[in-house]
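Let's take a walk through this model, starting with its sulfur links, moving on to its charged pairs, and ending with a helix contact.

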Amino acid sequence: MASKITDRVFFKGTRYEFTLNPGPFNVKEHVLITIFANSGAGSVYAIHVVTVVKVFYKKHITFFVSLIVVLTTQVMGFGWAGIFRRYLVEPAAMWWPANLVQVSLFRALHEKEERRRGGVTRIQFFIIAFLCSFAYYVFPGYLFQMLTSLSWICWIFPKSVLAQQLGSGLYGLGIAAFGIDWSTISSYLGSPLASPWFATANVAAGFIFVMYILTPLCYWLDVFMAKTFPIFSDSLFTSSGHKYNISAIINSDFHLDIAAYDREGRLYLTTFFAMTYGVGFAALTATIVHVALFHGREIWDQTKASFHEKTVDIHTRLMRKYKHVPEWWFVCILLANIAFTTFACEYYNDQLQLPWWGVLLACGIAILFTLPIGIITAITNQTPGLNIITEYIIGYIYPGYPVANMCFKVYGYISMTQAVTFLQDFKLGHYMKIPPRTMFMAQVVGTVIACLTYLITAWWLMETIPNICDTTASNSVWTCPADTVFYDASVIWGLIGPRRIFGDLGYYAAVNWFFLGGAVAPILVWLAAKAFPQQEWIRLINMPVLIGATGSMPPATAVNYSTWIVIGFLSGYVVYRYRRDLWQRYNYVLSGSLDAGLAFMGVLIYLCLGLENISLSWWGNDLDGCPLASCPTAKGVSVTGCPVFS
């Protein structure tokens, strides 16, 4: 475009002067486009609220109210991001590992490089890897979908419930299961190539403990009636092991019908699902204690430094040549957003259910946790979740209102997560020396466009695709795993309430002890680091990451984690240690090329085949091949398709 479009200047000499050709395309423009795209690259979490109300509960919510929820939850993150820039962007110690993938990719695409004898340049490597990723994904994405989870133990023991519970990568413990599919590897934990090895090791330790020690132990000891339900499932059950009929306990006002709930009986979770909530409790307290012990001094020093000049790193010094974004811009956006959200929740209370004080409480939780969770993400590339504590708090204060619970979660949790995303982009602009005001505008515009695009697309899908999100519908690929978990959470925490699940009226009250365990764990590591200062590896034990490793399960499954860990080990330890030259040159470029190839082929398959509902039906597209993995093993429990144990 720079070489072909006219460089004529229109309205020359006036205040409206402009040209269609500002000059050669450069790396800063490329970074700005990427930041613009990043504003909508991740999922817009508030869409889950709309999906759950319309599809799962089959209740009424208007497009305009949906747009308010989606837009305000995304934009609110700007306020928190602006407040914490000085702590999470300017310090050199906050290095944000995920940005290194993009920085390496920009360098590969824009820097002129001489090809080594017998080797390839980084741009050549990117193109080759991109084409391979693009061509390969047609197999796990369409032709041979079993590649997403090769659970070969199930093939050897096709009639054994125990073997399939152990070997299923999607519905069991995933022992020896693996996926030859980049979407399986990177879909929940991000790229393993971008994860520092110490963080990968922490995730591996947490996953192994929860999946291969805690879960089997609880299951075979029949803790919380574990054998009555599947070993791994996010579904909700009755005491007899059958799916719970949620619609039977909702009254006409979209609240919990206490009398109906007493008739239907207590709601039960799989023991794994209950344990993941416990792990979430522990991760929350571990995050607070870990940041206080290991980063408290840094936070205090940075707070003092914000009031007077001090030595800064080279990136911060160079960025000061540009006009910065005044903090009052962020504060104004935040206050206006909070005011509009409060008004919307009061005016449309029949649809959103959340009272005005719920909005303010959610904002208080978000601002409290943005800094500690931002520090963890900036150092380890892993983001502990706040979703459980937000559900827990509003569930106790305001039980029986599922939409209020979901709205509180997105305002308390997602606004914080969105702030972390914005801060990561701030750091990318920091590395690449993008003018802050230009970057700010790109993020604002990108966020607004993303909200509209996501909501319109989701609304269209929900209105046009029959049986969307219905896992019982045959041959349907529209199973909505993340929405299903979101729906289950709204039932547990919102409709029924934590008191009837994890409180004095519930069956899972013992899970609350995880709060204490999470608080104690970082103290033990801190004491060990003080007692043995020469053992540097002790300080690399990051309890929030280790404990919260399985925070994405469900909907993530065992094969997502095990394959991610293996690739992370090969990249972050083996190649980094023995061929560091190759790692430095190609690791992050490879990560970007695999993502790009997968994305392009995924879109192509959907446009050419998915929209026309053209599918292949053969054994290679049986995703897991472990039909008995979800069967209960308690004596006398009868479930369709499963053997009855006596």
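**Disulfides, salt bridges and a helix pair**

There are three disulfides in the structure, a disulfide being a pair of cysteine sulfur atoms within 2.5 Å. Keep in mind that this is a predicted model, where local features need pLDDT of at least 70, side-chain atom pairs count only at pLDDT 80 or more, and totals for chains, interfaces and linings use all residues. Residues are numbered from 1 along each chain as its sequence is written, and side-chain values use heavy atoms, with hydrogens and water left out.

Start with Cys154 and Cys626, whose sulfur atoms sit 2.0 Å apart in a disulfide. This pair links distant parts of the chain, 472 residues apart: Cys154 is in helix α8 (residues 152-156), while Cys626 is in the segment after α25 (580-610). Helices here are DSSP runs (H or I, at least four residues), as are strands (E, at least two), numbered from the N terminus. The torsion about the S-S bond of Cys154 and Cys626 is about 105°, so this disulfide is right-handed. Cys154 counts as buried because its relative accessibility is 2%; buried means under 20% relative accessible area, exposed over 50%, and partly exposed in between (1.4 Å probe, protein chains only). Cys626 is buried too, with a relative accessible area of 5%.

Next up are Cys469 and Cys480, a disulfide with its sulfur atoms 2.1 Å apart. Both cysteines lie in the loop between α20 and α21 (481-496), so the pair ties together parts that are 11 residues apart in sequence. The link of Cys469 and Cys480 is left-handed, with -80° about the S-S bond, and both Cys469 and Cys480 are buried.

Then there's the disulfide that joins Cys631 to Cys642, at 2.0 Å from S to S. Cys631 and Cys642 are each in the segment after α25, 11 residues apart. A torsion of about -85° about the S-S bond of Cys631 and Cys642 makes that disulfide left-handed. Cys631 is buried at 0% relative accessibility, and Cys642 is buried with a relative accessible area of 18%. Number the bonded cysteines of the protein in sequence order and the pairing reads 1-4, 2-3, 5-6.

Cys345 itself is buried, at 0% relative accessibility.

On to the charges: the count comes to four salt bridges, each a side-chain nitrogen of Lys or Arg within 4 Å of a carboxyl oxygen of Asp or Glu. One of them pairs Glu463 with Lys54, with the closest N and O atoms 3.0 Å apart. Glu463 in helix α20 and Lys54 in helix α2 (residues 47-56) are 409 residues apart. Another joins Lys409 and Glu391 at 2.5 Å, N to O. Lys409 is buried with a relative accessible area of 2%, and Glu391 is buried with 1%.

Finally, look at helix α1 (residues 27-38) against helix α20 (residues 436-464), which pack at an angle of about 35° with their axes 7 Å apart. Axes are lines fitted to C-alpha atoms, for helices over the stretch in contact, and angles run from 0 to 180 degrees between N-to-C directions. Leu32, Ile35 and Phe36 in α1 meet α20 residues including Met439, Ala442 and Ile449, contact meaning heavy atoms within 4.5 Å.
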